[in-house]
Amino acid sequence: MEIKQTALAGTLESSDIQIMLSKGTDGITIDLESDVEKQFGDQIRKVITDTLAEFNIDNVKVKAVDKGALDCVIKARTIAVAQRALQTQDQPAWEAF
Amino acid sequence: MKNNVNRELPDDVMNALDYQPYQTTNIGNPDIQRVAPSVHVQTGDDKLVDSIEDVVKATVKDGMTISFHHHFRNGDFVFNKVMRVIIDAGIKNLTLAPSSLTGVMNDMVIEAIKAGTVANITSSGMRGSLGDFVSHGNLKNPVIFRSHGDRARAIEHGDIKIDVAFLGVPNADKLGNANGMDGKAVFGSLGYALMDAQYANKVVLLTDNLMPYPNTPASIKQTQVDYVVQVDQVGDPDKIGSGATRFTKDPKELKIASTVNDVIVNSPYFKDGFSFQTGSGGAALAVTRYLRQAMIDNKIKASFALGGITKPTTDLLNEGLIDRVMDVQDFDKGAADSMHTNPKQQEIDASWYADPDNKGAMVDQLDVVILSALEIDTKFNVNVMTGSDGVIRGAVGGHQDAATAKLTIISAPLVRGRIATVVPDVTTVVTPGDSIDVLVTEYGIAINPKRKDLQESLGHLAGVPVYTIDELQKMAAAKVGTPKPLEFTDRTVALVEYRDGSVIDAIHEVKD
């Protein structure tokens, strides 16, 4: 599935992650910026990819700026940005939680 | 070869530099021989020199060891002025042996390494762009990191033989009598620089404030000084100290600080005449505030406070809650000013403070110390040198030395952002776990199992949960996950000495 619009969720505060989704045609591509890239880069990408898969999004450009967020925060921000991008934020995807 | 904290040390580097692996915190009672500097005899009438160029020309030659102090911290102008002249003079292969390197010196050190001016470095630490530069293998020879006490030991032993010391001072007379208290860019105690003044073959003072002769009180004496150079400005007073000390409002730091206070107050060492040392971080300053109240409530006074001094500590001195402050450096202007006005605030040199090879150092008399940590592992080993990415970004400082105290407390949050502070193995061992007694986090404390006596006195305090350090480590891992191991090359970029001069760990080039 492709997204309907560009969307943003999260802040640049410490322990948060800001994620932007925009339309893409080349699968899920993630551009990640993180101070903990060396130690947790793969894990951050995996949480984002897995969460997007729950929304059946398979073609999207992801720009993520991480400030040391924990997995639960990354998942929450990804859900929020996915629903905004799909324009489904009025119907929370409870099963994704 | 492996040392006694289970660190694999590079045989080639260890052998080439004739180093022994770290074995024990116990210094013992060896007989040692100290060295003495050479003296070029003069009456002292011709010490005043017009320019740094002239004095560099007269003193610095290829291959020499030169030194600086870091009491101006990020307000230092002296280091860059002198190094500029040395680089431009085309001098090569120097060993740089400052008491430490601050951020304002980074660009100049990198330029000096690239130009071949500097070939070796020994320092307490380095941060920022210089730490990054060294961690990426850009200096051929490994940096030697030494604690403040170990630097004093190495100078007295002749392991560091300083040819020329360039020491910035906020005042001096034409023969070189100087202190750190009068003038524009004042920093209080000259503690670390006193070693250089006493042991360097050539001592060059740089000052922006030439005083009538004789200038007193004199911390550095005319008997030690070869040249006095007048410069326009030795430092930026606004960047020397941290300014007015503000108490933290961070609830996590306050929780840690109040728990540290609980640990101290309930330890067997909290009694009239006890002694303590705190650092300058937010939590350490808050501890001083809690401790003040506890001392008033329990009618207990301290015999001395030690180390790097801040205004909250000198306030306790003025209140009569501490009898003496033994001052090797001042972290803020309040503490620096207090040294001027209060004779109970004694300036001490780095040897008196912390040199293990001594007839008694102050740290040997210390009851309680509160120290910080970037990482602490399940063996209680502490890292204050390399960041979570393996890059050099810290300093040994007085960490290993002060950890000699009877009660050594590490105060640190369990996690910082996504980085665990309590880990299975620290990236770099700086202070051995044998020196550490209690870890205080916002979640509770862990007591070193070797301290059965403390398990008894601190094991059942109201509101202070006690965990094993393994439990705290697992708690941290459950929050942040398990990080991918850092990758390093085989190349050794730095060695960390223990305070006795043995090697406690090696730092390797990071792989990017």
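At 37% relative accessibility, B:Lys406 counts as partly exposed, where buried means under 20% relative accessible area, exposed over 50%, and partly exposed in between, with a 1.4 Å probe and protein chains only. Before I go on, a word on conventions: this is a predicted model, in which local features need pLDDT of at least 70 and side-chain atom pairs count only at pLDDT 80 or more, while totals for chains, interfaces and linings use all residues. Residues are numbered from 1 along each chain as its sequence is written, chains are lettered from A and ligands numbered from 1 in the order in which they are written, and side-chain values use heavy atoms, with hydrogens and water left out.

Back to the lysine. B:Lys406 forms a salt bridge with B:Asp367, the closest N and O atoms being 3.5 Å apart; by salt bridge I mean a side-chain nitrogen of Lys or Arg within 4 Å of a carboxyl oxygen of Asp or Glu. B:Lys406 lies in the loop between α14 (399–402) and β18 (407–411) of chain B, and B:Asp367 in the loop between α13 (350–354) and β14 (368–371) of chain B, so the pair ties together parts that are 39 residues apart in sequence. Helices (H or I, at least four residues) and strands (E, at least two) are DSSP runs, numbered from the N terminus. B:Asp367, for its part, is buried, with a relative accessible area of 13%.

Over all chains, the structure holds 31 salt bridges. One of them joins the side chains of B:Arg146 and B:Glu497 at 3.0 Å, N to O. Because B:Arg146 sits in the loop between β6 (143–145) and α6 (148–157) of chain B and B:Glu497 in strand β25 (residues 488–497) of chain B, the pair ties together parts that are 351 residues apart in sequence, and both residues are buried. They belong to a salt-bridge network that also links B:Asp150, B:Arg153 and B:Asp159.

Next, the strands of chain B. All six residues of strand β7 (residues 164–169) are buried, with B:Val164, B:Phe166 and B:Gly168 on one side and B:Ala165, B:Leu167 and B:Val169 on the other. Two strands pair if DSSP finds at least two bridges between them: β7(B) pairs in the parallel sense with strand β2 (residues 65–67) of chain B over two bridges, and likewise in the parallel sense with strand β8 (residues 202–207) of chain B over six bridges. Elsewhere in chain B, an open sheet of nine strands with mixed pairing has the order β13-β12-β11-β10-β14-β18-β22-β23-β24, and its edge strands are β13 (345–347) and β24 (466–467), each pairing on one side only.

Finally, the interface. The contact, meaning heavy atoms within 4.5 Å, takes 16 residues from chain B and 13 residues from chain A. The two chains bury about 1,100 Å² between them, 54% of it on carbon and sulfur atoms, buried area being the accessible area (1.4 Å probe) that two parts lose on being put together, summed over both. Three salt bridges are counted between chain B and chain A, and the side chains of B:Lys484 and A:Asp42 meet in a salt bridge at 3.0 Å, N to O.
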